[in-house]
Amino acid sequence: HLDEGVGLFDFNFERQWNMETGTEILANRKRPKSEWLKLSNRDFEMLRFINEMKFADVQTIHSKFFATTQTGAASRSNRWARERLVALEQHDLLKRQNLFCESRAWYLLTSKGWYVTRDRFIEEEIPHPCRSIDIRTFHHDRAVLNARLEFEAKGEMRRWISERELLSGRARDIGFQLRHIPDAVIEFTSGRRIAFEVEMTL
């Protein structure tokens with residue numbers, strides 16, 4: 001269930017070229033070869049997505065990245081999403097956090113995950129990962145996450161530029177004059193661009 005991709009190095013990792021597949025593998029010198037992790041393009045996209053949105057849970061990752069099987073059928077189980085998140089966590093690319101107000105676990109990017117993601121998307125400004133989930137803004141951040149999935153499901157959105165990207169300097173790059181940084185800037189396939197904000201009311 002892995003698509004083709006490349007693995008990048010980290011502090012304890014080195015490049016390993018696979019002559020048969022023409023890919024690189026994330027080889028950890030402290031682990032036996034059987035435990036090395038091959039990173040796919042989907043893995044990199046998952047890491048970037050989680051970092052953009054601050055966090056994500058298994059169901060979110062399943063809906064966005066594992067909704068369709070290799071045969072083109074709709075996926076009925078989040079097993080593969082769960083197993084992949086666990087593998088990325090075991091290799092210190094993600095970390096898991098549980099909240100007292102939530103029964104599910106949430107995944108955040110680690111420092112190692114950030115280095116790998118930054119080196120993969122070298123022409124992009126990758127925001128530094130969140131240390132932990134801020135419970136004060138959790139419900140708002142989760143609403144933004146769900147809103148992104150809804151926009152993407154409609155098939156009219158070309159690009160979601162998150163608040164974290166905007167704060168890292170992306171706002172200047174796209175020529176968007178902002179007095180207040182919104183939750184996101186959405187670019188549609190029509191070329192239209194809007195500032196998006198979630199308002200939480202009691």
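Ile61 touches Met46, Phe49, Ile50, Ala56, Phe66, Ala81 and Leu85, with residues up to four places away in sequence left out of the list; a contact here means heavy atoms within 4.5 Å. The model is a predicted one, in which local features need pLDDT of at least 70 and side-chain atom pairs count only at pLDDT 80 or more, while totals for chains, interfaces and linings use all residues. Residues are numbered from 1 along each chain as its sequence is written, and side-chain values use heavy atoms, with hydrogens and water left out.

Ile61 also has a place in the largest nonpolar core, which holds 44 residues. A nonpolar core is a set of buried Ala, Val, Leu, Ile, Met, Phe, Trp, Tyr and Cys residues joined through side-chain atoms within 4.5 Å. Buried means under 20% relative accessible area, exposed means over 50%, and partly exposed lies in between (1.4 Å probe, protein chains only). The members that touch the most others are Phe49, Ile61, Leu85, Leu88, Leu94, Trp160 and Phe196. Two or more core residues come from each of α1 (41-52), α2 (58-65), α3 (79-90), β4 (105-109), α4 (111-120), α5 (138-154), β5 (157-162) and β6 (184-188). Helix α5 gives the largest share, six residues.

Read from the N terminus, their order is β-β-α-α-α-β-β-α-α-β-α-β-β. Of the 202 residues, 46% are buried. Contacts between residues at least 6 apart in sequence join residues at least 24 apart in 53% of cases. The accessible surface comes to about 11,800 Å², and carbon and sulfur atoms account for 47% of this surface; such areas come from the Shrake-Rupley method with a 1.4 Å probe, and for residues only the protein chains shown count as cover.

Helix α4 contains Thr117. Is this residue buried or exposed? Thr117 is buried, with a relative accessible area of 0%. Its side chain reaches the backbone oxygen of Gly113 at 2.7 Å. Beyond neighbours within four places in sequence, Thr117 is in contact with Leu47, Arg48, Leu109 and Ile126.

Side chains of opposite charge can pair when their charged atoms come close. The whole structure has 17 salt bridges, each defined as a side-chain nitrogen of Lys or Arg within 4 Å of a carboxyl oxygen of Asp or Glu. One of them joins Glu152 and Lys64, whose closest N and O atoms are 2.9 Å apart. This pair links distant parts of the chain, with Glu152 in helix α5 and Lys64 in helix α2, 88 residues apart. Glu152 is partly exposed at 23% relative accessible area, and Lys64 is partly exposed at 29%. Both belong to a network of salt bridges that links Glu52, Lys64, Arg148 and Glu152.

Another salt bridge brings together Lys112 and Asp92 (3.8 Å, N to O). Here Lys112 lies in helix α4 and Asp92 in the loop between α3 and β3 (94-98), 20 residues apart. Asp92 is partly exposed, at 38% relative accessible area. Glu102 and Arg104 also meet in a salt bridge (3.3 Å, N to O). In this pair Glu102 counts as buried at 15% relative accessibility, whereas Arg104 counts as partly exposed at 39%.

Note on methods
Helix = DSSP H or I, 4+ residues; strand = E, 2+ residues; numbered from the N terminus. Polar contact = N/O pair within 3.5 Å; in protein donor to acceptor, adjacent residues only side chain to side chain.
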